[in-house]
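Me: I am new to this structure and keep meeting terms with cut-offs behind them. Please take me through them, setting each value against its definition.

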Amino acid sequence: RMSGVYNAGKQSGAGGRRVDPKMWHNVHVRNISSSLSESALARVFAGCGRVLDCRLCGDPNSKLRFAFIAFATSEEVDQALTLDGFVLEGATLRVLRSKTAVIPVNPSLLPQSEDDIERCSRTVYVANIDPRLSSGEVRATFEELCGPVACIHQQLNNRRDTQVAFIEFIDAGSAVNALSCSGQLIGQRQIRVSPSKTPLKVNAKAVRTSQQQQKAAAAVMAAWEGGRAVDVRSADAGETPLFVAAAAGRVECCRVLIAAGADPLVLNAQGLGLLSQVATKVSRGTRQKVRAATRTALLHAAPQLKVLLLHHADCAQHVSFKPHQESPERISAILALIAKGAAMGTLSADELMVSSDFEAAGADHLARCHSEEYISVITELGERVANTPVAFTPYYQEFKGMPQAKQKKPEFSDTFFSPGTMQAALRAAGGVVHAV
């Protein structure tokens, strides 16, 4: 990056003189291919004039990539605008005139890790903020206009006549939306919004204090309305406070809410359960680690979230013609997939309980669901069926006196009866009784 084609431009402009960044002329480039690097993009625009700086921003794994490119003169910008519509690496560039400043950055502040890079793609720098506005007011404004904010750092500038802020959003799309707010009047000032090349630095002490405050707030909220507030749902997503805490990876808040009686089995408006949402609002660089810790804590605090897998060798004795949805190979495939998930770490060992320790269903259990006649028919068939599976649906329809023309064809039978079917069915029914 530092030895790129535009490095010299950072030091001097036309005539060898240094060009003040305030005098730079910039273009905003959109719809940039995910395969294109910052230096490659700079080389393309170097044909339009001396590139003083090129800043590629946004999520590198999505179409939300954009760039700001600075030139020394407005004539070079006019030349760069002619590249609007130019196809580069399969993507059609959009090149627009921009008033957003591109200021050189101290290299020590640049991203140092993958997590920093990902957070940078969600962060914008806002200048010329009305000094009378609090960080809470600025945050609320950007959340309303652009999307949910993860954190904000706001302070007075050196002259103390305006404020500046770094705003980190939950997702990169909200950061892109924020760039369009540049020039908008907020309070008594027209703000300037540009992409940030540095992530917000994490203050460990401040993080601990914030987590303690969140835990205390969750405890207070859990006591509202006799505890009913713990399961209040958001109007849009249908998410409870426990969903929000789990999505943010706030382990202590989750524990407080569950201890207060929050329902861990509730589903949101999309029909998704709690475990599927764990750490979805956490930066990708730390998401895997936070997800593992949060899921473990949830499974310990709410064992009902675990999956009970009841399986018995008797169930594999039920044989049908192939292909059929009841083939015993289906059981083997399911067990193999679960084993693969455990080996790859996508299915936590703490999340799954496997057991074969359950009894087959008895006559009293069957009598609660079926008539004596039906039980007699399947019992007799189980005793006399040979090695060739019998299509059970037409068999029972014939027993009930249905004309053959109306009976279901054997090849379309819902189920088949083989020598091991009766024992497999009794064991499967026993598994249901045991689970309940």
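This is a predicted model: local features need pLDDT of at least 70, side-chain atom pairs count only at pLDDT 80 or more; totals for chains, interfaces and linings use all residues.

**Terms and values**

Reply: Helix H13 passes helix H14 in a right-handed crossing. Side-chain values use heavy atoms, with hydrogens and water left out.

Me: What makes H13 and H14 parallel, perpendicular or oblique to each other?

Reply: H13 (residues 372–384) and H14 (residues 392–399) pack at an angle of about 125°, with axes 12 Å apart. Axes are lines fitted to C-alpha atoms, for helices over the stretch in contact, and angles run from 0 to 180 degrees between N-to-C directions. Under 35 degrees counts as roughly parallel, over 145 as roughly antiparallel, 65 to 115 as roughly perpendicular, and the rest as oblique. H13 and H14 are therefore oblique to each other. From H13 the contact (heavy atoms within 4.5 Å) takes Glu373, Tyr374, Val377, Ile378, Leu381 and Arg384, and from H14 it takes Phe392, Tyr395, Tyr396 and Phe399. By class there are 8 nonpolar, no polar and 2 charged residues in the contact of H13 with H14. Nonpolar covers Ala, Val, Leu, Ile, Met, Phe, Trp, Tyr, Cys and Pro; charged covers Asp, Glu, Lys and Arg; the others, Gly among them, are polar.

Me: Why are E8 and E12 placed at the edges of their sheet?

Reply: The order in this open sheet of 4 strands is E8-E9-E7-E12, with antiparallel pairing. Strand E8 (149–156) and strand E12 (192–195) each have a single partner strand, so one side of each is left without a neighbour in the sheet. From one strand to the next the twist averages 20°. Helix H5 (residues 135–145) packs on this sheet, touching E7, E8, E9 and E12, and its direction makes about 135° with that of E8.

Me: What makes two of these strands a pair?

Reply: DSSP must find at least two bridges between them. E7 and E9 have 5 bridges, E8 and E9 have 7, and E7 and E12 have 4, so each of these counts as a pair. Val124 has Ile167 as its bridge partner in E9 and Pro195 in E12.

Me: How do you know whether E9 is mostly covered or exposed?

Reply: Buried means under 20% relative accessible area, exposed over 50%, and partly exposed in between (1.4 Å probe, protein chains only). In E9, 6 of the 7 residues are buried, so the strand is mostly covered. Across the protein chain, buried residues make up 40% of the 436.

Me: What is the strand order in the open sheet that holds E1?

Reply: The order is E2-E3-E1-E6, an open sheet of 4 strands with antiparallel pairing. Strand E2 (51–57) and strand E6 (94–98) stand at the edges, each with a single partner strand, so one side of each has no neighbour in the sheet. E2 and strand E3 (residues 66–71) are joined by 6 bridges.

Key:
Residues are numbered from 1 along each chain as its sequence is written. Helices (H or I, at least four residues) and strands (E, at least two) are DSSP runs, numbered from the N terminus. A crossing is left-handed if the near helix is turned anticlockwise from the far one by less than a right angle, and right-handed if clockwise.
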